[in-house]
Amino acid sequence: MKLRLNGAARELDVHPLRRLLDVLREDLLLTGTKEGCGEGECGACTVLVDGLPVVSCLVPVAQVEGCDVVTIEGVGGDHPLQRSMMAEVGAQCGICTPGVVLAALALVDADRKPTLARMREALAGNLCRCTGYEAIHRAVLAAHAERHAK
Amino acid sequence: MRTATRDFTLRRARTLAGAVSVLRDEPGTVPLAGCTDVYVALQFGQRPGKRYLDLTPLKALRRITTRDGWLVIGALATYTDLQRSRLVRAHVPMLVEAARLVGGLQIQNRGTVGGNLANASPAGDTLPVFAVAEAQVVLLGPEGERRVPFTSFYTGYRASVRRSDELLTAVEVPPIEGRQWFRKVGTRAAQAISKVVFAGVRASAPRLALGSVGPTVVRLPRTERSLASGEPIEAALDVLRGEISPIDDLRSSADYRREVSANLVREFWAGTA
């Protein structure tokens, strides 16, 4: 099957019912995507499929045929949100962080400054047991400000 | 994942007719849409089936349209699609509210209306909405299409009149008179399975439905009659307490559910006066 992964065309020969999460981690060694609960509750395994956040633990890999998939590795490491997550200590133990970053990208890219309600709604599917979310919200706002400066 | 899928097979549907043939010729085939229930079952070590049929290539089933004043929601419409649809926002705002409260965005981007209905959980968030909307379910089988009133779709716990060779293709909603109201009560504000989920329509004959208080979603005909006859709300709530039979389970207790149900109906009645 064919797909785009982090901007590059890829061809995979995998069982169609395997979880996207497992194919990413085990076959493609993209271990930035974390497994938390495995049942779609925690958001740690969030990736973007055609621009929308989904939990890769509940996606049979066949369903991303022809899709554009972005994992945390595709965000690059020097994205304003990744830097602000460091600066604001939006990451502590780190297991939720890749999923949080991917789920929050749309907030950072949006023209309007995200309200607290918007941030809470966008991140409702990402559980963080360390930060209490406030540092994450600060990081999102800082990244948004940097992205839209000038 | 606790269930090994190695020995399972997946077909991808290319046409509606082809999908129905697969269901007819290969009994036990499990249709797949957003997988937000089936893949949780697999994670828990269950085996919903050995053969799977992916419906997601059937893009036509994702459309939301109107016909003769009815809203026609394709089975593959996601919760995100419902929230973004101008038609749904105009016709069934209570469905938008229900969709907004299903899981987080990640689930809303994947889970589908058809899946919510076919999965037949008594806790399905959209089910009370379709019950009070007097919607009908469209089923496509080898002999053609049939329509079933939503209120007679379920026959028991996780059981419906859908035959295994039928595909749930759409849900159709008639025009709704009267104010619509939806409220879900879970353990936390977001990302929770409902303890009690309620939808109501304040028409001259009010319509009420509750989820998670019985083996299937229920309409409340006795409580509805009480409210329609102009009895005081507290008298109607006494009828309600006797009309539902919630159970104790891992998410909540029967007593809590009965009392919260009464509170929701009271709040609905005051909020739509």
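Start by selecting A104(A) and V129(B): of the 122 residues in the largest nonpolar core, these two touch the most other members. A nonpolar core here is a set of buried Ala, Val, Leu, Ile, Met, Phe, Trp, Tyr and Cys residues joined through C-beta atoms within 7 Å. A residue is buried if 20 or more other C-beta atoms lie within 10 Å of its own, exposed if 12 or fewer, and partly exposed in between, with C-beta atoms placed from the backbone. Now colour helix α3 of chain A, residues 97-109, which gives the most to this core, with 8 residues. In soluble globular proteins, nonpolar side chains tend to be buried together.

Before we move on, a word on what you're looking at. This is a predicted model, in which local features need pLDDT of at least 70 and side-chain atom pairs count only at pLDDT 80 or more, while totals for chains, interfaces and linings use all residues. Residues are numbered from 1 along each chain as its sequence is written, and chains are lettered from A and ligands numbered from 1 in the order in which they are written.

Stay on A104(A). Which residues does it contact, leaving aside its neighbours within four places in sequence? Select L81(A), A122(A), L123(A) and V140(A) and you have them. Contact means that the C-beta atoms of two residues, placed from the backbone, lie within 7 Å.

Zoom out to chain A. You'll find 5 helices and 5 strands, in the order β-β-α-β-β-β-α-α-α-α along the sequence. Both are DSSP runs numbered from the N terminus: helices are H or I with at least four residues, strands are E with at least two. Of the 150 residues of chain A, 47% count as buried. The C-alpha atoms fill a box of roughly 45 × 35 × 25 Å along the principal axes.

Next, show where the chains meet: 25 residues from chain A and 24 residues from chain B. On the side of chain A that touches chain B, strand β4 (residues 52-55) gives the most, with 4 residues.

Hop over to chain B and pick out β4, β5, β10, β6 and β7: in that order, these 5 strands form an open sheet with antiparallel pairing. Strands pair if DSSP finds at least two bridges between them. Why do β4 (64-67) and β7 (144-149) of chain B each have one side without a neighbour in the sheet? They stand at the edges, so each has a single partner strand. Inside the sheet, β5 (residues 70-74) and β10 (residues 167-173) of chain B pair over 4 bridges, and G74(B) has A170(B) as its bridge partner.

Last stop: β13 of chain B, residues 207-211, where 5 of its 5 residues are buried. R207(B), A209(B) and G211(B) point one way, and L208(B) and L210(B) the other. In a regular strand the side chains alternate between the two faces of the sheet.

Strand β12 (residues 196-202) of chain B pairs with β13(B) in the antiparallel sense over 5 bridges, and the two form a hairpin with 4 residues between them. Look for V201(B) with its bridge partner R207(B). Strand β14 (residues 218-219) of chain B also runs antiparallel to β13(B), joined by 2 bridges, with A209(B) opposite R219(B). Finish on S212(B), which takes a positive phi near 70 degrees in the hairpin of β13(B) and β14(B), where 6 residues lie between the strands.
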